[in-house]
Amino acid sequence: MTQISDLTVLFADLRGSTALYETLGNAEATSVVTHCVGSLTRPVSDFGGHVVKTLGDGLMAVFPRPTSALQAAAVIHEVLDAITSRGHQHGASTGLRDLKLQIAMARGEVVEMAGDCYGDAVNVAARLLDHAGDNETLVTAEVLQGLPEQTRSRFRCLDRMVLRGRVEPVQVFVLGGRPGTDLPPTQFAGDSAPVSEPDGLRLEWVDHHDIFASRQMPVVLGRGPQSEFRVDDSRVSRSHARVDWHGGAFQLTDLSYNGTYVRFADGEIVSLRRGSCTLHGSGEIGLGGSPGDPAATCVLFDVLRFGDTQPLLAADLL
């Protein structure tokens, strides 16, 4: 039987599970991940939702109301926090202690058929999950509109994101102030904001280079196929770092397990651990290691202002 409803779609994904397989072995790691995902499904039904399917190290669920989905998301985060806290207390492997959770939600018309769900909201939530940072909850404007005003004030706008496979950009918001957590501190490098907005960002790694305009943000750097700038190196996380366009500047945020580092032209190195910094001038982005380490995987960056460069560069963004 096919049913069409207005629903809130939630995707949740465990990150860091790869380390479990390296430390525990395949059989035990599979058991641990299965137990974790099973624990994360319980809040879904507690708040009136329905688990559509589990996805190895994650799950997909639908809710009739955005408020219920957000309440479930908060408890899902708390459940994983409790699991990792017990891991710390009992001396569990580093892989278990360092598991992280990403959640993304979208709202719209959903087609329920043969035990699965389809529709634009499903596709948007799935794609949006690729852009979520560790222990972060991202939602679309449609989800936000269905929340009480007091709850909406807890979200920070990330502007419009261009999601892979979708022409129209999506307005995205990130939840802040989750109990026991804070938004990652923003670290600003340099003395002051530039007086004029930059026109583009050039990224280079080995023989791979691209120029991105602000309208193409966010750009994820990582080894995963979903990354807009792919760095195919085993030391790099599949979604390692994200560049956003915010406040008239390119801002780099660490999403990884091993950290992201930025060395600016003056030699200053900024270490990002779930933190952010504003990119300016030129320099190197170390993925998983400091640019001061000769073995580190580094992406060169250059913030472009066409008034200061050759006009030919402008054509690269068209």
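**Notebook: strands, cores and single residues**

Entry 1. I began at Arg202, which stands opposite Ile211 in strand S11. I note that the model is a predicted one, in which local features need pLDDT of at least 70 and side-chain atom pairs count only at pLDDT 80 or more, while totals for chains, interfaces and linings use all residues. Residues are numbered from 1 along each chain as its sequence is written, and side-chain values use heavy atoms, with hydrogens and water left out. Helices (H or I, at least four residues) and strands (E, at least two) are DSSP runs, numbered from the N terminus.

Entry 2. I then looked up the strands around this position. Strand S10 (residues 200-205) and S11 run antiparallel and are joined by five bridges; two strands pair if DSSP finds at least two bridges between them. Both belong to an open sheet of six strands, in the order S11-S10-S20-S19-S16-S17, with antiparallel pairing. S11 (208-212) and S17 (269-272) are the edge strands, each with a single partner, so one side of each has no neighbour in the sheet. From one strand to the next the twist averages 20°, taken between axes that are lines fitted to C-alpha atoms (for helices over the stretch in contact), with angles from 0 to 180 degrees between N-to-C directions. I recall that strands of a sheet pair through backbone hydrogen bonds, either parallel or antiparallel.

Entry 3. I searched for aromatic pairs (ring centres of Phe, Tyr or the six-membered ring of Trp within 6.5 Å; planes under 30 degrees apart are stacked, over 60 edge-to-face, the rest tilted). The structure holds one. Phe264 and Phe301 form it edge-to-face, at 6.0 Å centre to centre and with 85° between the planes. Phe264 lies in strand S16 (residues 260-264) and Phe301 in strand S20 (residues 297-304), so the pair ties together parts 37 residues apart in sequence. I found both Phe264 and Phe301 buried; buried means under 20% relative accessible area, exposed over 50%, partly exposed in between (1.4 Å probe, protein chains only).

Entry 4. I turned to the nonpolar cores, which are sets of buried Ala, Val, Leu, Ile, Met, Phe, Trp, Tyr and Cys residues joined through side-chain atoms within 4.5 Å. The largest has 33 residues, and Leu10, Leu14, Leu101, Ile103, Met105 and Phe155 have the most contacts inside it. Among the elements that give two or more residues to this core are strand S1 (3-15), helix H2 (26-46) and strand S4 (100-113). A second, separate core of 26 residues includes Leu201, Met217, Leu252 and Leu287.

Entry 5. In helix H5 (residues 120-129) I listed Ala121, Val122, Val124, Ala125, Leu128 and Leu129 as the buried residues. They cover an arc of only 165° around the axis, which puts them on the same side of H5; the arc is that of the directions from the helix axis to the C-beta atoms.

Entry 6. A cis peptide bond, with omega about 5°, joins Met217 and Pro218, and Pro218 sits in the loop between S11 and strand S12 (219-222). Ala114 has a phi near 50°, a positive value in a residue other than glycine. Ala114 is in the loop between S4 and strand S5 (116-118), and at 78% relative accessibility it counts as exposed.

Entry 7. Last, I looked for disulfides (cysteine sulfur atoms within 2.5 Å) and found zero. Cys36 counts as buried, at 1% relative accessibility, whereas Cys157, at 26%, counts as partly exposed.
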